[in-house]
Amino acid sequence: GALGARNWGARREQRRAELTAGASGSGRPIDPAPLMARIAESLPAEAVVVDEGLVSTRPLLDFLPLRDARSYFGLASGGIGFAVPGAVGIQLALPERPVVAVVGDGSAMYSIQALWTAANLELPLTYVIANNRSYRILKQRLKAFHGNESFIGMSIDQPEIDFVQLARSLGMTAEAVTAPDAVRPALDAAIASGRPTLLDVSVEAWV
(Lines give C-alpha, C1' and ligand atoms only; values in the text may rest on other atoms or scores of the structure.)
Protein backbone atom coordinates (compact mmCIF):
# COMPACT_ATOMS: atom_id res chain seq x y z
CA GLY A 1 0.00 0.00 0.00
CA ALA A 2 0.94 3.60 0.58
CA LEU A 3 3.48 2.73 3.27
CA GLY A 4 5.10 0.06 1.12
CA ALA A 5 5.91 2.60 -1.56
CA ARG A 6 7.68 4.78 0.98
CA ASN A 7 9.59 2.21 3.03
CA TRP A 8 13.37 1.96 2.96
CA GLY A 9 13.49 -1.02 0.60
CA ALA A 10 11.32 0.74 -1.95
CA ARG A 11 13.39 3.91 -1.70
CA ARG A 12 16.60 1.88 -2.16
CA GLU A 13 15.27 0.33 -5.36
CA GLN A 14 14.22 3.76 -6.61
CA ARG A 15 17.69 5.12 -5.85
CA ARG A 16 19.32 2.20 -7.68
CA ALA A 17 17.07 2.81 -10.67
CA GLU A 18 18.05 6.48 -10.69
CA LEU A 19 21.74 5.55 -10.79
CA THR A 20 21.14 3.10 -13.64
CA ALA A 21 19.01 5.55 -15.60
CA GLY A 22 21.64 8.25 -15.24
CA ALA A 23 24.43 5.86 -16.28
CA SER A 24 26.14 7.04 -13.14
CA GLY A 25 29.19 5.24 -11.85
CA SER A 26 31.21 4.56 -14.96
CA GLY A 27 33.47 7.60 -14.78
CA ARG A 28 36.82 8.29 -13.22
CA PRO A 29 37.32 9.56 -10.58
CA ILE A 30 34.41 7.57 -9.17
CA ASP A 31 31.05 9.18 -8.35
CA PRO A 32 30.47 8.63 -4.59
CA ALA A 33 26.81 7.56 -4.93
CA PRO A 34 27.39 4.47 -7.09
CA LEU A 35 30.52 3.77 -5.06
CA MET A 36 28.41 3.55 -1.90
CA ALA A 37 25.91 1.32 -3.70
CA ARG A 38 28.73 -1.02 -4.75
CA ILE A 39 30.14 -1.13 -1.23
CA ALA A 40 26.74 -1.90 0.31
CA GLU A 41 26.13 -4.69 -2.20
CA SER A 42 29.56 -6.21 -1.57
CA LEU A 43 29.33 -6.56 2.19
CA PRO A 44 28.58 -9.92 3.79
CA ALA A 45 25.47 -9.97 5.98
CA GLU A 46 27.51 -10.04 9.20
CA ALA A 47 29.73 -7.09 8.26
CA VAL A 48 30.06 -4.01 10.44
CA VAL A 49 30.44 -0.61 8.77
CA VAL A 50 32.28 2.31 10.35
CA ASP A 51 31.39 5.50 8.50
CA GLU A 52 33.35 8.74 8.49
CA GLY A 53 33.22 9.75 4.88
CA LEU A 54 31.15 12.87 5.61
CA VAL A 55 30.38 14.05 2.05
CA SER A 56 31.34 10.94 0.08
CA THR A 57 29.37 8.55 2.29
CA ARG A 58 26.22 10.64 2.48
CA PRO A 59 24.45 8.23 0.05
CA LEU A 60 25.63 5.13 1.94
CA LEU A 61 22.53 4.73 4.09
CA ASP A 62 20.38 4.84 0.95
CA PHE A 63 21.79 1.40 0.13
CA LEU A 64 23.13 -0.16 3.33
CA PRO A 65 20.69 -2.40 5.25
CA LEU A 66 21.02 -1.99 9.02
CA ARG A 67 20.57 -5.58 10.13
CA ASP A 68 21.26 -5.17 13.85
CA ALA A 69 22.30 -2.62 16.48
CA ARG A 70 26.01 -3.23 15.86
CA SER A 71 26.09 -3.28 12.09
CA TYR A 72 26.76 0.45 11.63
CA PHE A 73 28.78 3.08 13.51
CA GLY A 74 28.72 6.68 12.28
CA LEU A 75 29.17 10.25 13.40
CA ALA A 76 26.94 11.71 16.08
CA SER A 77 28.28 15.27 15.83
CA GLY A 78 30.81 17.39 14.02
CA GLY A 79 33.92 15.74 15.45
CA ILE A 80 36.38 14.41 12.90
CA GLY A 81 38.97 11.67 13.18
CA PHE A 82 37.28 8.84 15.06
CA ALA A 83 36.92 6.20 12.36
CA VAL A 84 40.47 4.98 11.76
CA PRO A 85 41.18 4.18 15.44
CA GLY A 86 37.50 3.56 16.18
CA ALA A 87 37.41 0.72 13.67
CA VAL A 88 40.26 -0.95 15.55
CA GLY A 89 38.28 -0.81 18.79
CA ILE A 90 35.11 -2.03 17.10
CA GLN A 91 36.95 -4.96 15.51
CA LEU A 92 38.41 -5.91 18.89
CA ALA A 93 34.95 -5.74 20.46
CA LEU A 94 33.39 -7.79 17.63
CA PRO A 95 36.19 -10.17 16.64
CA GLU A 96 33.89 -12.61 14.85
CA ARG A 97 32.60 -9.99 12.40
CA PRO A 98 34.41 -8.36 9.46
CA VAL A 99 34.69 -4.60 9.87
CA VAL A 100 34.82 -2.21 6.93
CA ALA A 101 35.63 1.44 7.66
CA VAL A 102 34.75 3.94 4.93
CA VAL A 103 36.73 7.10 5.68
CA GLY A 104 37.40 10.35 3.87
CA ASP A 105 41.02 11.19 3.16
CA GLY A 106 40.86 14.32 5.28
CA SER A 107 39.30 12.51 8.24
CA ALA A 108 41.78 9.65 7.94
CA MET A 109 44.76 11.95 8.41
CA TYR A 110 43.64 12.98 11.91
CA SER A 111 44.61 9.58 13.32
CA ILE A 112 46.35 7.68 10.53
CA GLN A 113 48.80 6.08 12.97
CA ALA A 114 46.04 3.64 14.01
CA LEU A 115 46.74 1.75 10.79
CA TRP A 116 49.90 0.51 12.50
CA THR A 117 47.81 -0.79 15.41
CA ALA A 118 45.51 -2.65 13.00
CA ALA A 119 48.57 -4.20 11.35
CA ASN A 120 50.29 -4.97 14.65
CA LEU A 121 47.21 -6.80 15.93
CA GLU A 122 46.63 -8.49 12.55
CA LEU A 123 42.97 -7.52 12.58
CA PRO A 124 40.55 -8.65 9.82
CA LEU A 125 39.80 -5.01 9.12
CA THR A 126 39.33 -3.23 5.80
CA TYR A 127 39.68 0.52 5.32
CA VAL A 128 38.18 2.17 2.24
CA ILE A 129 39.61 5.67 1.84
CA ALA A 130 37.20 7.84 -0.17
CA ASN A 131 39.94 10.03 -1.58
CA ASN A 132 38.82 13.32 -3.12
CA ARG A 133 42.11 15.06 -2.32
CA SER A 134 40.43 17.70 -0.18
CA TYR A 135 38.43 18.60 2.91
CA ARG A 136 35.30 18.73 0.78
CA ILE A 137 32.94 19.12 3.74
CA LEU A 138 34.69 22.37 4.67
CA LYS A 139 34.49 23.63 1.11
CA GLN A 140 30.79 22.89 0.88
CA ARG A 141 29.99 24.52 4.21
CA LEU A 142 32.08 27.60 3.48
CA LYS A 143 30.16 28.05 0.23
CA ALA A 144 26.74 27.20 1.74
CA PHE A 145 27.04 29.31 4.88
CA HIS A 146 29.11 32.24 3.62
CA GLY A 147 28.92 32.19 -0.20
CA ASN A 148 32.71 32.05 -0.19
CA GLU A 149 34.69 29.92 -2.62
CA SER A 150 38.12 30.99 -1.41
CA PHE A 151 39.11 27.51 -0.25
CA ILE A 152 42.33 28.26 1.57
CA GLY A 153 44.05 25.22 3.07
CA MET A 154 41.22 22.85 2.13
CA SER A 155 42.87 20.89 -0.67
CA ILE A 156 45.20 17.93 -0.11
CA ASP A 157 46.83 17.72 -3.52
CA GLN A 158 50.16 19.58 -3.43
CA PRO A 159 51.51 16.99 -2.89
CA GLU A 160 48.82 14.33 -3.00
CA ILE A 161 48.89 11.79 -0.18
CA ASP A 162 49.80 8.29 -1.33
CA PHE A 163 47.64 6.24 1.03
CA VAL A 164 48.82 2.99 -0.52
CA GLN A 165 52.47 3.62 0.31
CA LEU A 166 51.52 5.15 3.66
CA ALA A 167 49.48 2.08 4.65
CA ARG A 168 52.19 -0.30 3.45
CA SER A 169 54.79 1.58 5.48
CA LEU A 170 52.61 0.91 8.55
CA GLY A 171 52.41 -2.80 7.80
CA MET A 172 49.12 -3.10 5.95
CA THR A 173 48.21 -4.61 2.61
CA ALA A 174 47.04 -1.78 0.34
CA GLU A 175 46.04 -1.01 -3.22
CA ALA A 176 44.68 1.90 -5.24
CA VAL A 177 41.26 1.60 -6.90
CA THR A 178 40.48 4.00 -9.73
CA ALA A 179 37.95 2.10 -11.87
CA PRO A 180 34.33 1.64 -10.69
CA ASP A 181 34.27 -2.00 -11.80
CA ALA A 182 37.32 -2.72 -9.65
CA VAL A 183 35.64 -1.70 -6.40
CA ARG A 184 33.73 -4.88 -5.67
CA PRO A 185 36.53 -7.36 -6.55
CA ALA A 186 38.98 -5.37 -4.42
CA LEU A 187 36.59 -5.20 -1.47
CA ASP A 188 35.65 -8.87 -1.77
CA ALA A 189 39.32 -9.84 -1.77
CA ALA A 190 40.15 -7.57 1.17
CA ILE A 191 37.36 -8.98 3.35
CA ALA A 192 38.10 -12.58 2.34
CA SER A 193 41.78 -12.18 3.20
CA GLY A 194 41.01 -11.69 6.89
CA ARG A 195 43.96 -9.30 7.05
CA PRO A 196 44.31 -5.55 7.68
CA THR A 197 43.86 -3.99 4.25
CA LEU A 198 43.45 -0.48 2.88
CA LEU A 199 41.81 0.44 -0.43
CA ASP A 200 42.55 3.95 -1.68
CA VAL A 201 39.53 4.78 -3.87
CA SER A 202 39.73 7.88 -6.04
CA VAL A 203 36.41 9.77 -5.90
CA GLU A 204 35.20 13.00 -7.49
CA ALA A 205 36.74 16.11 -5.97
CA TRP A 206 33.95 18.62 -6.78
CA VAL A 207 36.30 21.62 -6.81
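The protein chain folds into ten helices and six strands, where helices (H or I, at least four residues) and strands (E, at least two) are DSSP runs numbered from the N terminus. This is a predicted model, in which local features need pLDDT of at least 70 and side-chain atom pairs count only at pLDDT 80 or more, while totals for chains, interfaces and linings use all residues. Residues are numbered from 1 along each chain as its sequence is written, and side-chain values use heavy atoms, with hydrogens and water left out.

Of the 207 residues of the protein chain, 46% count as buried, a term that means under 20% relative accessible area, with exposed meaning over 50% and partly exposed the range in between (1.4 Å probe, protein chains only). The accessible surface of the chain comes to about 10,000 Å², of which carbon and sulfur atoms hold 53%; such areas come from the Shrake-Rupley method with a 1.4 Å probe, and for residues only the protein chains shown count as cover. If one takes the contacts (heavy atoms within 4.5 Å) between residues at least 6 apart in sequence, 76% of them join residues at least 24 apart.

Helix H3 (residues 32–42) is mostly covered, since nine of its eleven residues are buried, among them Pro32, Leu35, Met36 and Ile39. At the start of H3, a side-chain oxygen of Asp31 reaches to within 3.0 Å of the backbone nitrogen of Ala33.

The whole structure contains three salt bridges, each defined as a side-chain nitrogen of Lys or Arg within 4 Å of a carboxyl oxygen of Asp or Glu. Side chains of opposite charge can pair when their charged atoms come close. One of these bridges joins the side chains of Asp181 and Arg38 (3.7 Å, N to O). Because Asp181 lies in the loop between strand S5 (173–177) and helix H10 (183–193), whereas Arg38 belongs to helix H3, the pair ties together parts that are 143 residues apart in sequence. Asp181 itself is exposed, with a relative accessible area of 65%.

Another salt bridge links Asp68 and Arg97 through their side chains (3.0 Å, N to O). Here Asp68 sits in the loop between helix H4 (60–63) and strand S2 (72–73), and Arg97 in the loop between helix H5 (83–93) and strand S3 (99–104), so the pair ties together parts that are 29 residues apart in sequence. Asp68 is partly exposed at 34% relative accessibility, whereas Arg97 is buried at 12%. Within helix H10, Asp188 and Arg184 are four residues apart, which means about one helical turn separates them, and they form a salt bridge whose closest N and O atoms are 3.8 Å apart. Asp188 is partly exposed, with a relative accessible area of 34%, and Arg184 is also partly exposed, at 38%.

Gln91 has its place in helix H5 and is buried, with a relative accessible area of 1%. Gln91 and Ala118 are 27 residues apart in sequence and, C-alpha to C-alpha, 9.2 Å apart in space.

Finally, Glu122 lies in the loop between helix H7 (114–120) and strand S4 (125–131). Glu122 has a positive phi of about 55° although it is not a glycine, and at 55% relative accessibility Glu122 counts as exposed.

How values were computed
A polar contact is a pair of N or O atoms within 3.5 Å; within protein, one must be able to donate a hydrogen and the other to accept it, and residues adjacent in sequence count only if both atoms are side-chain atoms.
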